[in-house]
Amino acid sequence: MLADDRRYMAAAIALSERGRGLSTPNPNVGCLIVKDGRVVGRGWTQKGGRPHAEAQALEQALDRARGATAYVTLEPCFHLSPRGPRCADLMARAGVERVVIALRDPDPRTDGQGAAWLREQGIVVEMGLMAAEAARAMRGFVLRQTLGRPSVTLKLGLSIDGRIALADGRSRWITGPHARAHAHMERARHDAILVGGGTSRADAPRLDVRLPGLEDRSPRRLLLSRGDAPQGWERIGAPEEIAALERVDHLLVEGGAGASAAFLRADLVDRLLLYRAPILIGDGLAGIGDIGLSDLGQAHGRWRIMDARALGVDRLEVYERVRNA
């Protein structure tokens, strides 16, 4: 049973990733309805936050939800909203027999109440299965609830020797087409994308998604600068100002060296995407500026590698910030 539970929850977490960058201000939740060993309903939070994953999965399951098990990556919501019914209510009305929840909802409007109410209705509730994996998939929502800011991913395209451009600033292209396509997919999974003033002036980047079928998922464009932002862009003056951004739970920082260093100095980077090309540049522009380290010991133990893979001739490395709390 536990092996099956993990398999179905892993599938629900994978579904939740489909809503990342689209569901804000709601969390990107995934849900599966399973009966007699068959998936009878699946859902993920849709664009703008509605419908919720549970509502979508239950609508697909219809009468087959009665007596079924629901696998949901976040505790079903319990607070009243003018935008739609409570998911805990929907589960009970549908006659679901068992609900397996990955992560307790950190939103104080639910925070354990949804699970408790379901139990009062005679539904078997189990919570905590693959909670870390679910929290990682919904990192933006979790950090917004716990730290009051979005999740920040820093993306760097580097040579083997850590350069992002030639000495004269030319940087097109360091990485190949497979790595660039992957980077565009990452753009599509974020609410907003940010560069520094130097990158904006030197490259005039479009910062859009140029993958067939995903063009409409281009994120909002942000500029870290003391000056004015171009038309269609939004300006912030310091990394800490991301906390005030509305409807941004997932932020992608694409450079350059100054912006990257500013976010690292402020300890606001939660995830690193390093795209390494098999080239040497030598006397070029460094990928990251001064991040404020005064002792080498401060650099150790901060980052945990989560993934590494080949993208054509290039290599992607994904790191996660190690935090004690």
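What follows is a set of questions and answers on domains, rings, backbone and an annotated residue.

Colleague: What kind of model is this, and how are residues numbered?

Modeller: This is a predicted model, in which local features need pLDDT of at least 70, side-chain atom pairs count only at pLDDT 80 or more, and totals for chains, interfaces and linings use all residues. Side-chain values use heavy atoms, with hydrogens and water left out, and residues are numbered from 1 along each chain as its sequence is written.

Colleague: How far apart do the C-alpha centres of domain 1 and domain 2 lie?

Modeller: Domain 1 covers 3–139 and domain 2 covers 149–321; such bounds come from an automatic or database domain assignment. Eleven residues of domain 1 are in contact (heavy atoms within 4.5 Å) with 15 residues of domain 2. The distance between the C-alpha centres of the two domains is 33 Å.

Colleague: Which residues of domain 1 lose the most area to domain 2?

Modeller: Buried area is the accessible area (1.4 Å probe) that two parts lose on being put together, summed over both. Domain 1 and domain 2 bury about 1200 Å² between them, with 39% of it on carbon and sulfur atoms. On the domain 1 side, 56% of what is buried comes from three residues together, those that lose the most: Arg20, Thr24 and Arg139.

Colleague: Why does the pair of tyrosine 8 and tyrosine 71 tie together parts of the chain?

Modeller: Rings of Phe, Tyr and Trp (its six-membered ring) pair if their centres lie within 6.5 Å; planes under 30 degrees apart count as stacked, over 60 as edge-to-face and the rest as tilted. The whole structure has two aromatic pairs, and the rings of tyrosine 8 and tyrosine 71, with centres 5.2 Å apart and planes at 40 degrees, are therefore tilted. Helices (H or I, at least four residues) and strands (E, at least two) are DSSP runs, numbered from the N terminus. Because tyrosine 8 lies in helix α1 (residues 2–16) and tyrosine 71 in strand β3 (residues 69–74), the parts tied together are 63 residues apart in sequence.

Colleague: What is the centre to centre distance in the pair of phenylalanine 78 and tryptophan 117?

Modeller: Phenylalanine 78 is in the loop between β3 and α3 (87–94), whereas tryptophan 117 is in helix α4 (residues 113–120). Both phenylalanine 78 and tryptophan 117 are buried (under 20% relative accessible area; exposed is over 50%, partly exposed in between; 1.4 Å probe, protein chains only). Their aromatic pair is tilted, with 45 degrees between the planes and a centre to centre distance of 5.8 Å.

Colleague: Where is proline 51 found?

Modeller: The peptide bond from arginine 50 to proline 51 is cis, with omega near -5 degrees. Proline 51 is found in the loop between β2 (38–44) and α2 (53–61).

Colleague: Is leucine 62 buried or exposed?

Modeller: Leucine 62, in the loop between α2 and β3, has a positive phi near 55 degrees, although this residue is not a glycine. With a relative accessible area of 59%, leucine 62 is exposed.

Colleague: What is the relative accessible area of arginine 187?

Modeller: Arginine 187 lies in helix α7 (residues 177–188) and touches residues including Leu207, Arg210 and Glu254. An unreviewed UniProt entry places the feature "binding site" at positions including Arg187; UniProt positions are given in the numbering used here, feature names are shortened, and annotations may be inferred rather than shown by experiment. Arginine 187 is buried, at a relative accessible area of 9%.

Key. Lists of a residue's contacts leave out its neighbours within four places in sequence.
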